Amino acid sequence: IWIFHGFYAEEVLVGNLATMSTSERIKAIQKMPETMKKKREIRNKVLKEVTKKSRHHSTQFSGCTQCLQGAAVSFQRFGNTLSEYFHLLRFWHKTLKIIGAEFGTSVLSYFIFLKWLLTFNIFSFLINFSFITVPQLVAAEPNNLSFTGLELFTGAGYFQQTVLYYGFYTNATISKIENGPSYNMQLAYIFTVGIYFVICFLILLFSMAKSFCRNFVNPQTYSGKASKLLCTWDFNITNEKAVKLKQKNLSTQIKEDLTEVNREVLNFSATERVVRIVIHLVSWIASLGTAVAACAGVYFLSINNLKLFVKGHKNDLESQAAMLVLPVVASLLNAFIPFFYSWLGHLEKFRTPGHHIYITITRNIVLKISIVGILCYYWTNIVSASESQCWETLVGQDIYRLVLVDFIFCLLGSFFGEFLRRIIGTTVCVSLGLPEFDIGRNVLDLIYAQTLTWIGILFSPLLPGIQMISFSIVFYVKKVSLMMNCQPPRKVWRTAQMTTSFTFLLFFPSFVGVLSVIGVTVWRLKPSEECGPFRGLPSMYAAVSKWIKILENYTASKWVVWIYHNLITSVLFYFILSTVALIITYLYWQIIKGRKTVTKLLHKQILN
């Protein structure tokens with residue numbers, strides 16, 4: 001009787017849900033106190049019931065209407081199926097949960113940032129491959145160079161005559177059908193790269209604004225202390241492993257929040273303050289001096305590297321190895337100097353782990369961006385004015401080697417910096433213990449690698465694909481190294497604001513600096529005469545000006561010409577746009593401040 005009663009009640013429930021609209025039905029199913037498995041079963045039964053009713057009433061409609069209605073139901077069911085399995089497509093979702101539960105949000109922020117950068121490179125690779133590489137492959141000529149295997153490390157030789165580098169792309173209009181549609185490679189190249197950077201700019205701005213609002217302006221709204229303890233448990237979790245993982249994750253987050261509340265205020269005497277200030281000054285002088293010395297070494301080594309190319313290099317082992325000297329030295333400096341900065345941070349004895357990490361990140365960003373800045377000066381002022389037949393390909397090869405060697409050093413850093421450190425800390429010198437995951441150094445390695453990739457997109461369109469593979473491998477290597485070699489931070493602390501800092505550092509100085517380099521290359525530098533899609537032009541941007549002059553002869557394209565002359569090339573337009581953006585930012589800030597004030601008043605009223 002009870003089984004029959006339950007079955008009858010469920011049939012009535014399905015019938016009632018089938019009469020509702022789609023939005024009402026979704027809300028009703030979401031509010032049910034059932035497991036996700038049970039909700040999915042009810043939803044599927046309701047969809048079957050809706051389909052039956054639509055077939056029953058199909059005789060009342062015309063054939064066209066019936067077809068449309070069937071297509072709408074099929075599309076709805078397809079969407080529901082996609083949403084049901086969408087969680088399986090989220091990369092490393094379970095891994096991130098485990099890392100957050102075991103090591104806290106500070107270490108988790110690194111892996112979230114790495115995953116976010118990976119999506120950037122996937123997006124860039126798909127765009128470049130679709131609109132630049134595929135059309136070139138259609139019109140490409142066979143490669144007559146032999147492949148020896150050394151090209152995988154040097155990027156030279158066989159790869160020079162492939163779609164990997166700028167110099168291989170044609171400047172002709174591609175058309176496989178006579179009197180058919182054509183494909184302008186010059187416009188495709190510059191517009192694809194330009195639109196990609198515009199999209200990246202908007203994504204970075206939106207991410208910074210969203211993260212800033214969440215973590216700085218009104219953090220109480222998103223991370224309430226009491227609500228985290230009383231209201232965040234998901235009662236749909238029934239798996240025992242998932243329950244334990246959720247408990248551990250909540251426990252770690254509550255510990256981090258309590259650490260902020262119970263933060264100790266240290267009082268120092270006048271003498272101790274003077275000593276601390278002196279130590280800070282000496283540390284900053286030492287760190288800046290090291291960065292200047294590293295930049296000088298990279299610059300003089302770059303000059304010697306250019307002489308090797310200009311004289312003409314052979315394909316023997318010695319010449320191939322000589323090409324790797326510059327990237328190896330740059331990677332050595334980027335690998336070992338941060339350890340010196342970390343030692344300086346321990347010597348300074350900051351009050352909180354957050355201060356230590358932020359200062360270390362600042363010193364590392366000065367070092368890495370300075371090295372990249374010296375290399376950009378070398379590429380845009382010295383290589384571009386050299387006697388090379390295709391200086392853009394030389395720049396692309398340099399960046400390829402830098403990315404590859406940096407990836408290798410990243411893997412070696414996990415082995416020597418964490419694995420051997422664990423062996424020493426557990427066998428030789430037990431007092432050292434297990435190492436902690438160095439967030440500052442690892443994050444700056446990612447920003448450095450992404451900066452090189454952004455610069456290299458113009459000279460090597462498929463470079464994001466290489467970086468996509470390297471980031472995927474780095475994620476798994478770092479995850480295994482973290483689980484096997486590292487211990488959770490000794491001082492538990494909440495780092496919700498750290499993700500905002502990472503995004504800001506990626507935007508400035510990394511992305512803004514890249515835009516400056518790309519702008520100089522596109523507007524100011526003269527392309528090579530014998531290679532690339534812009535050969536024979538005074539600048540890469542001249543291809544756009546040339547296209548606009550052609551459009552002036554067509555009446556249907558007058559609106560494009562008007563937009564170009566009155567908006568794109570107008571200083572007044574950008575001034576007005578900047579003013580409007582500042583006004584909107586100011587108004588948004590005032591709204592957020594007002595909401596924050598109202599929230600504080602409500603909290604006070606509730607407490608009273």
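**Entry 1**

I looked up Phe-507 and found it buried, at a relative accessible area of 13%; buried means under 20%, exposed over 50% and partly exposed in between, using a 1.4 Å probe and protein chains only. I was working on a predicted model, where local features need pLDDT of at least 70 and side-chain atom pairs count only at pLDDT 80 or more, while totals for chains, interfaces and linings use all residues. Residues are numbered from 1 along each chain as its sequence is written, and side-chain values use heavy atoms, leaving out hydrogens and water.

Next I checked Tyr-166, which counts as buried at 0% relative accessibility. I then noted that Phe-201 and Phe-507 form a tilted aromatic pair, 5.8 Å centre to centre with 45 degrees between the planes. My rule for rings of Phe, Tyr and Trp (its six-membered ring) is that they pair if their centres lie within 6.5 Å; planes under 30 degrees apart are stacked, over 60 edge-to-face, and the rest tilted. Phe-201 sits in helix α7 (residues 185–217) and Phe-507 in helix α18, so the pair ties together parts that are 306 residues apart in sequence. Helices here are DSSP runs of H or I with at least four residues, strands are E runs of at least two, and both are numbered from the N terminus. I found Phe-201 partly exposed, at 31% relative accessibility. Both rings belong to one aromatic cluster, whose members include Trp-116, Tyr-196, Phe-201, Trp-454 and Phe-507.

**Entry 2: the disulfide**

Which cysteines form a disulfide? I found Cys-390 and Cys-531, with sulfur atoms 2.0 Å apart, inside the 2.5 Å limit for such a pair. Cys-390 lies in the loop between α14 (353–383) and α15 (391–428), and Cys-531 in the loop between α18 (498–523) and α19 (542–551), so the bond links parts that are 141 residues apart in sequence. The torsion about the S-S bond is about 90 degrees, so this disulfide is right-handed. Cys-390 is buried at 13%, and Cys-531 is buried at 6%.

**Entry 3: a buried lysine**

I then turned to Lys-478 in helix α17 (residues 463–485). Lys-478 is buried without a salt bridge, and the nearest side chain of opposite charge, Glu-418, is 4.3 Å away. A salt bridge needs a side-chain nitrogen of Lys or Arg within 4 Å of a carboxyl oxygen of Asp or Glu; Lys and Arg count as positive, Asp and Glu as negative, with His and the chain ends not counted. Leaving aside neighbours within four places in sequence, Lys-478 has contacts (heavy atoms within 4.5 Å) that include Tyr-110, Phe-111 and Glu-418.
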